[in-house]
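I opened the notebook on a structure I had not looked at before. Here is what I looked up, in the order I went.

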Amino acid sequence: MQTVKMVVSGAVNAGKTEFIKAISEIEVVSTERRATDDTKMIKKETTVAMDFGRIAIADDLVLHLFGTPGQKRFDFMWEILSEGMLGLVILVDSTRPETFRETNRIIDFFVSYRDTPYVIAANKQDRPNAWSPEELRLALRQPPHTKVLPCVASDRESVKNVLLELLYVIQERSEE
Amino acid sequence: MALVGNIRDFGLSDFLYLVDRGYKTGGLHLAYKQETALLFFEKGKLLLAARRPEDQQPDLLVRLGILSASQLAQARASLAARGNGATLTEVIIDESLVSPEQFQGPLQSFNEEAVYGLFGWPEGEFRFEQNQRPAPDAPVVPTPISVDHLIMEGVRRIDEWGRIKDRIPSTDMVVRFLEQPGAKTRGIKLAAEEWRVFARINGRDTLAEIAQKTNISEFDVCRIVYGFLTAGLVDVQKKPKPLPLKPGMAAAEPPRVKRSLVNRIINRIKSM
């Protein structure tokens, strides 16, 4: 049995748990604990460890999805998770510009040492005052070739689209 | 739809960059304590910056000595006669009440100073109303003002490490030119010290090394590079360092995957 790994990351409350829940075939394993820091201001229970989801591709192939917390104190986990991952989804809460710097830091971490294939999912596009994907591209200073995709993490079709777009990026770099 | 936030979290220079690169048209409303400001942009360029409500009124042109009171009265009468669609600025230019240079110069300086003052705000709520336009009789500049110039000058006035560190966390970072800064560099005027730093950017040297080679303090190098960065001329990155490799592990490249494997995953996701 071969397993492959994709990582979903983003700032606090970006929608990582919801994103994985929308697509995973198993009940998502979330290690949610009561927040002990300023994340408490944003939601009562925040992801302080990680989420795990799974999609069976075939009898001999499984895709694992890891949702990693965005806080800086979990940097050490990113390093572990980034080893051998196929690609990365960076989730951004499009309604909260105060998280854009944190998002940039996460992108920088994953991408600066390794040329990791990634896409940015502009989550919460169904909310009023959501910044559009193009506005987010400028706010996050991403080059034109980086895919910044509209997303609603609670919507399975939207999540599927983000994963497919990431897979197309990976496909372009794959070998025959 | 409005873009809202706080310049504490998403800085004014970042927002101006977005306006510039996104060719945005609209009104940027800012509020900090008892102060407010309103900036109007058209296709990414500044039309008007008002720190007080009266700075959006046509009387500003008299206060700045651009027009006399009687010239302003004449312009307003012509504007009323022209009806919908015309602006006071167009009327003044069309009727040659003042030369374009005499009009642009003092008004541009006034607007620029208004914006530079905003760079000193440590925080402040902002709301950008897309496609909002100034009133027809508002004193807008005849030639809209380039925003990247405003960013460069505004950032020159920042002297707080805190803000600079948001973008440049350490002096071990390497500065490199963006792939296509081309057209953006033309409108920017650099001071002598900025040129010295600019000329040392080679994609290999760290900020600390540039400071050493130019004999400029690390803080000043960071401040100057922060200006280049916010204007979208350069990028800073951590100096690449090799990851600790396990025995037999190849270099820090992502794993090369077989296309057939990726295709299988794509087909599975599509079928879900």
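I began with strands: I count helices (H or I, at least four residues) and strands (E, at least two) as DSSP runs, numbered from the N terminus. Two strands pair if DSSP finds at least two bridges between them.

Ground rules next. This is a predicted model, where local features need pLDDT of at least 70 and side-chain atom pairs count only at pLDDT 80 or more, while totals for chains, interfaces and linings use all residues. Residues are numbered from 1 along each chain as its sequence is written, and chains are lettered from A and ligands numbered from 1 in the order in which they are written.

**The sheet**

Which residue stands opposite His29(B) in E5(B)? I found Arg127(B) there. Arg127(B) is also the bridge partner of Val4(B), and Phe128(B) in E5(B) stands opposite Leu3(B).

I then looked at whole strands. E1(B) and E5(B), residues 125-130, run antiparallel and are joined by four bridges. E2(B), residues 26-32, is also antiparallel to E5(B), with six bridges between them.

Stepping back, I got an open sheet of five strands in chain B, ordered E1-E5-E2-E3-E4, with antiparallel pairing. E1 and E4 (45-50) of chain B are the edge strands, each pairing on one side only. On average, neighbouring strands of this sheet are turned by 15 degrees against each other, direction ignored. For angles, I use axes that are lines fitted to C-alpha atoms, for helices over the stretch in contact, and values run from 0 to 180 degrees between N-to-C directions.

What packs on the sheet? I found helix H5(B), residues 100-118, touching E2, E3 (35-42) and E4 of chain B. The direction of H5(B) makes about 75 degrees with that of E4(B). Contact here means that the C-beta atoms of two residues, placed from the backbone, lie within 7 Å.

**Two helices**

Next I checked H1(B) against H6(B), residues 147-156. Their axes come within 9 Å and cross at roughly 170 degrees. That makes the two roughly antiparallel, because angles over 145 degrees count as such. The crossing of H1(B) and H6(B) is left-handed, meaning that the near helix is turned anticlockwise from the far one by less than a right angle.

I noted who makes the contact: from H1(B), residues including Leu16(B) and Tyr17(B), and from H6(B), residues including Leu150(B) and Ile151(B). The contact divides into seven nonpolar, two polar and two charged residues.

**Domains**

Chain B is divided into domain 1 (3-61 + 101-154) and domain 2 (160-238), with bounds from an automatic or database domain assignment. Their centres, taken over C-alpha atoms, are separated by 25 Å. Nine residues of domain 1 of chain B are in contact with eight of domain 2 of chain B. On the domain 1 side, H6(B) gives the most, with four residues.

**The other chain**

How many residues of chain B are in contact with chain A? I got 33, against 32 residues of chain A. Elements giving two or more residues on the chain B side are E1 (3-6), H1 (12-21), E7 (234-238) and H12 (259-271) of chain B. H12(B) gives the most, with eight residues. I logged that side of chain B as 17 nonpolar, four polar and 12 charged residues.

Methods:
Ala, Val, Leu, Ile, Met, Phe, Trp, Tyr, Cys and Pro count as nonpolar, Asp, Glu, Lys and Arg as charged, and the others, Gly among them, as polar. Angles under 35 degrees count as roughly parallel, over 145 as roughly antiparallel, 65 to 115 as roughly perpendicular and the rest as oblique.
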